[in-house]
Amino acid sequence: MQSVLILGAKGMLGQELVKSFSKKESYEVIAWDRDDFDVSDEKILREKVSDLWPDIILNACAYNAVDVCEIDDEEYEKAKILNTHVPGVLAEIAKDLRSIFVHYSTDYVFDGNRPQYRLGGRAPGCCGSGCSGCSYKSPSGKFDGYRENDLPNPLSRYGMTKYEGEQKIEKVGDQYYIFRLSKLFGKSGFGNYSKQCFFESIEKLAKTQNEVRVVDGEISCFTYAPDLALQTEKILSSGLAFGIYHLVNKGEETWYSATKKLFDEMGIHTKLTAVSPNEFKRNATRPERSVLVSTKIEAMRNWEEALKDYIKENKKV
């Protein structure tokens with residue numbers, strides 16, 4: 001039996017990781033959240049994790065107030081601690097304990113422009129020269145998405161803290177996985193600092209307003225938290241090579257197109273209006289296109305199937 005420590009266990013992803021790993025007899029699950037201790041206290045973090053000596057550390061802790069930290073320096077410092085410093089410390093602890101470390105990152109490490117392969121050269125990715133035969137071009141002439149080895153270039157403070165967290169983990173090296181996801185959805189977490197699911201927020205708006213206006217832009221993939229938790233366990237149990245993985249559900253959507261499918265599935269008739277990303281005042285710049293392409297493992301099921309399960313499992317019909 002392997003011991004699995006899950007940090008951020010009351011969040012949207014953390015709670016699903018607890019469920020997924022607890023179902024397997026081969027794992028002993030230890031679930032910690034903010035009310036157990038503050039991970040930003042490095043001394044306590046090192047002591048508690050080292051004393052536990054888990055075989056696997058899953059880090060589902062993160063700062064994700066994207067717009068707040070863009071203009072608030074105090075909040076930005078919190079983002080740097082949770083998204084950059086803490087992952088680096090956990091990677092060091094894991095290396096010292098000879099444990100496997102799993103960290104979750106984001107599509108916001110990319111800028112939405114054509115990618116450049118970060119190791120240089122022409123293969124296996126784009127070299128940045130823009131040749132007409134580039135495999136990164138879709139039939140429409142636009143690149144189809146970002147591979148795991150494409151060079152990140154964050155547009156926001158939040159994105160930079162996540163990218164710098166990745167860099168710290170890679171610098172420590174050893175037995176680590178970095179799983180990038182985008183537009184996470186699922187049952188909202190029950191911790192005091194958990195972020196509410198986008199679809200839950202939209203549903204509430206639809207019940208109280210005559211019209212819901214949603215951004216028709218920022219093309220990306222959605223990631224269903226239960227599917228991501230299952231995929232995490234699958235990768236760990238199969239012993240796939242360490243490194244960076246893109247773990248998203250199949251299908252590309254904007255916030256508007258996804259909301260339309262939610263309304264259709266739930267039979268919501270509130271007026272839905274597509275608006276430009278500039279319609280709402282948001283402090284942080286988002287990439288216009290940040291589709292994540294999985295080249296190391298088969299992408300998870302289509303996100304529309306996951307959406308139906310989300311609606312069913314949360315008794316929204």
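Serine 3 is buried, its relative accessible area being 11% (buried denotes under 20% relative accessible area, exposed over 50%, and partly exposed in between, with a 1.4 Å probe and protein chains only). The structure is a predicted model, in which local features need pLDDT of at least 70 and side-chain atom pairs count only at pLDDT 80 or more, while totals for chains, interfaces and linings use all residues. Residues are numbered from 1 along each chain as its sequence is written, and side-chain values use heavy atoms, with hydrogens and water left out.

Serine 3 belongs to strand 1 (residues 2-7); helices (H or I, at least four residues) and strands (E, at least two) are DSSP runs numbered from the N terminus. When neighbours within four places in sequence are set aside, serine 3 is in contact with Glu28, Ile30, Trp53, Pro54, Asp55 and Ile56, contact being defined as heavy atoms within 4.5 Å.

Glutamate 288, by comparison, is exposed, with a relative accessible area of 66%. Glutamate 288 is located in the loop between strand 11 (271-275) and strand 12 (300-302). Apart from neighbours within four places in sequence, glutamate 288 is in contact with Gly112, Glu218 and Ile219. Between glutamate 288 and valine 18 the separation is 270 residues in sequence and 33 Å in space, C-alpha to C-alpha.

Helix packing was examined next. Two packed helices are described by the angle between their axes and the distance between the axes. Axes are lines fitted to C-alpha atoms, for helices over the stretch in contact, and angles run from 0 to 180 degrees between N-to-C directions.

Helix 1 (residues 12-22) and helix 7 (residues 225-238) have axes that come within 8 Å and cross at roughly 50 degrees. Helix 1 is therefore oblique to helix 7; angles under 35 degrees count as roughly parallel, over 145 as roughly antiparallel, 65 to 115 as roughly perpendicular and the rest as oblique. By class, the contact of helix 1 with helix 7 comprises 10 nonpolar, 2 polar and 2 charged residues. Here Ala, Val, Leu, Ile, Met, Phe, Trp, Tyr, Cys and Pro count as nonpolar, Asp, Glu, Lys and Arg as charged, and the others, Gly among them, as polar.

For helix 2 (residues 42-52) and helix 4 (residues 73-97), the axes come within 10 Å and cross at roughly 30 degrees. Helix 2 is thus roughly parallel to helix 4. The crossing of helix 2 and helix 4 is right-handed, and their contact has 7 nonpolar, 2 polar and 3 charged residues.

Helix 6 (residues 198-208) and helix 8 (residues 255-266) pack at an angle of about 65 degrees, with axes 11 Å apart. Their contact involves Phe198, Phe199, Ile202, Glu203 and Ala206 of helix 6, together with Trp255, Ala258, Thr259, Leu262, Phe263 and Met266 of helix 8. These residues divide into 9 nonpolar, 1 polar and 1 charged.

Finally, the cysteines were considered. With a disulfide defined as a pair of cysteine sulfur atoms within 2.5 Å, the count comes to 0 disulfides. Cysteine 69 is in no disulfide, and the nearest cysteine sulfur, that of cysteine 61, is 17 Å away. Cysteine 69 is buried at 0% relative accessible area. The sulfur of cysteine 197 is 16 Å from the closest cysteine sulfur, in cysteine 221, which is too far for a bond. Cysteine 197 likewise counts as buried, at 0% relative accessibility.

Notes:
A crossing is left-handed if the near helix is turned anticlockwise from the far one by less than a right angle, and right-handed if clockwise.
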